[in-house]
Amino acid sequence: HKIGGCRMKQIIKKVIVFLLAVVMMTCQSSILSLAEEERETTENTDNEEKEQKETEDTKEMVSAPSALLMEVSTGKVLYEKNADEKRPPASVTKIMTLLLVFDALDAGKIKLEDPVTVSEYAASMGGSQVFLEPGETQSVKTMIKCIAVASANDAAVAMAEHVGGSEKVFVGQMNKRAEELGMMHTHFKNCNGLDTDGHETTARDIAKMSREMLRKHPQIEKYCKIWMEDITHETKKGKTTFGLSNTNKLIRHYAYATGLKTGSTGKAKFCISATAKKDDVELIAVIMAADDSKKRMKDAISLLEYGFGSCKVYREKENLKLKEIKLIRGKKDMFKIMTEKRFSYVLSQGEDISKIKRSLHIKKKLHAPVKKGDKVGTIEYTLDGKSIGTVPVVSKESIGRQRLFDVIREFASSFLFAKS
């Protein structure tokens, strides 16, 4: 019994020691875990505070209540502040008016030399104007200058009537075009931007239509960069000269400025869609409801400088040379492929351009027939292992399906050749 009792005591001691060891290990693990959590929390707090400070510092660049900065080639937004708040755009509206005018030129509906007759209604427009007379005629080209340079309300209405038949029909076309561009918070009531209830848009939507203008009609730049120019009025009273003066002072005071449109009314305050180009980077800075013209210009320049200083554009300089790929049951065994467009990507601060990689992905077992332009694969671009975009790979030529006669002729040729 004594021996059994001693053994039992030893067993109990061992169990107690084991349990104490488990408790100590658990406590140590909990302490280490708490320390790690505390360290991570501190790091996260530091990062959050740093990001919050950077955001606050960036927001301080712009005094206007609404703004947006966009890179043109990719459409990437580099900065935004209340960019989806609806506001009256004043004469920045005329970007859409000019977009439709240039669309009509491209479609062959009108020509630059065509005469435009000014109606009583168009001549009655107040605000900024070039004092067109009822019945006066000016060429489409001159009217574009009046709108782009002097922000003429009378010229805008005259062109709306010339293209659409009436301002009402033209405004309907403006809203349709806005919908096509994904301008979800825009509704136009007129073609010139005069204050009207319900005539509103956002900084983001202005950037979208500005980008469309620059990409589809780059010739707008030559009109927007005119500083001063004279036009001639020819009416029953005789000939008079009127001087156009650019409302966009950035053209004279900011070296990289290329356009695009200013606007100001009592309700809209001071607005601008400012475009600029430096080296390979092209930007759009939208400012809405600035307190005065100086603050509008200061805000626009601040955004543009921030954009040029903080981003670089990676762009394929030419279409990539790709090897021919195999085609099954085609009149040719191999066919040529090409990229549908050149890839571009805006790098933010800290991103290394040398780490961008590309990989080709072609569909398996491609069968004839193929038409020129048919999509056959993609090229994927990655940065630090993360996908940053793709470009379609398409057929460079059309190749028909191999007919039975072609197969027999090919077989006979190979048989005869092998025999000889």
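**Close-up views of the predicted model**

**View 1. Strands β7 and β8 are joined in an antiparallel pair by 8 bridges.** Strand β8 covers residues 269-278, and β7 covers residues 257-265. In this predicted model, Ala-257 has Ala-276 of β8 as its bridge partner. The two strands belong to an open sheet of 5 strands with antiparallel pairing, in the order β2-β1-β9-β8-β7. At the edges of this sheet stand β2 and β7, and each of them pairs on one side only. From one strand to the next, the twist averages 5 degrees.

**View 2. Helix α7 lies across the 5-stranded sheet.** The helix is formed by residues 203-216. The strands it lies across are β1 (66-71), β2, β7, β8 and β9 (281-290). Relative to β9, helix α7 runs at about 145 degrees.

**View 3. Glu-85 sits in the loop between β2 (77-81) and α2 (94-106).** Is Glu-85 buried, partly exposed or exposed? With a relative accessible area of 34%, Glu-85 is partly exposed, because this value falls between the 20% limit for buried residues and the 50% limit for exposed ones. The side chains of Glu-85 and Arg-87 are joined by a polar contact of 2.6 Å. When residues up to four places away in sequence are not counted, Glu-85 touches Thr-201 and Thr-202. Pro-65 is 20 residues from Glu-85 in sequence, and the C-alpha atoms of the two are 9.2 Å apart in space.

**View 4. Strands β5 and β6 form a hairpin with 2 residues between them.** Strand β5 spans residues 228-235 and strand β6 spans residues 238-245. They run antiparallel and are joined by 8 bridges. Met-228 stands opposite Ser-245, which is in β6.

**View 5. Asn-246 lies in the loop between β6 and α9 (250-253).** Its relative accessibility is 1%, so Asn-246 counts as buried. A polar atom of the Asn-246 side chain lies 2.9 Å from the backbone nitrogen of Asn-248. Which residues is Asn-246 in contact with, leaving aside its neighbours within four places in sequence? They are Val-149, Cys-224, Lys-225, Ile-226, Trp-227 and Ile-251.

**View 6. Ser-310 belongs to helix α10, which is made up of residues 293-310.** Ser-310 has a relative accessible area of 12% and is therefore buried. Its side chain reaches the backbone oxygen of Tyr-306 at 2.8 Å. Leaving aside neighbours within four places in sequence, Ser-310 is in contact with Leu-347, Ser-348 and Gln-349.

**View 7. Four strands make an open sheet in the order β13-β17-β16-β15, with antiparallel pairing.** Strands β13 (337-339) and β15 (356-362) stand at the edges with a single partner strand each, so one side of each has no neighbour in the sheet. Neighbouring strands of this sheet are turned by 30 degrees against each other on average, direction ignored. Strand β16, residues 375-383, runs antiparallel to β15, and 7 bridges join the two. Within this pairing, Arg-358 has Tyr-381 of β16 as its bridge partner.

**View 8. Aromatic rings form pairs in the structure, 7 in number.** One of these pairs is made by Phe-343 and Tyr-381. How is a pair of aromatic rings described? The distance of the centres and the angle of the planes describe it. For Phe-343 and Tyr-381, the values are 3.8 Å centre to centre and 5 degrees between the planes, and the pair is stacked. This pair links distant parts of the chain: Phe-343 is in the loop between β13 and β14 (344-347), and Tyr-381, 38 residues apart from it, is in strand β16. Both residues of the pair, Phe-343 and Tyr-381, are buried. Elsewhere, Tyr-254, Tyr-256 and Phe-308 form one aromatic cluster.

**View 9. The whole chain contains 11 helices and 17 strands.** Of its 420 residues, 42% are buried. Among contacts between residues at least 6 apart in sequence, 63% join residues at least 24 apart. The accessible surface of the chain comes to about 24200 Å², and carbon and sulfur atoms account for 53% of this surface.

Key
Residues numbered from 1 in each chain as written. Predicted model: local features only at pLDDT ≥ 70, side-chain atom pairs only at ≥ 80, totals over all residues. Heavy atoms only, no water. Pairing = 2+ DSSP bridges. Axes fitted to C-alpha atoms, helices over the stretch in contact; angles between N-to-C directions. Buried < 20%, exposed > 50% of the residue type's maximum accessible area, 1.4 Å probe, protein only. Polar contact = N/O pair within 3.5 Å; in protein donor to acceptor, adjacent residues only side chain to side chain. Contact = heavy atoms within 4.5 Å. Phe/Tyr/Trp six-rings, centres within 6.5 Å; stacked < 30°, edge-to-face > 60°. Areas by Shrake-Rupley, 256 points an atom, 1.4 Å probe, with all protein chains shown as cover.
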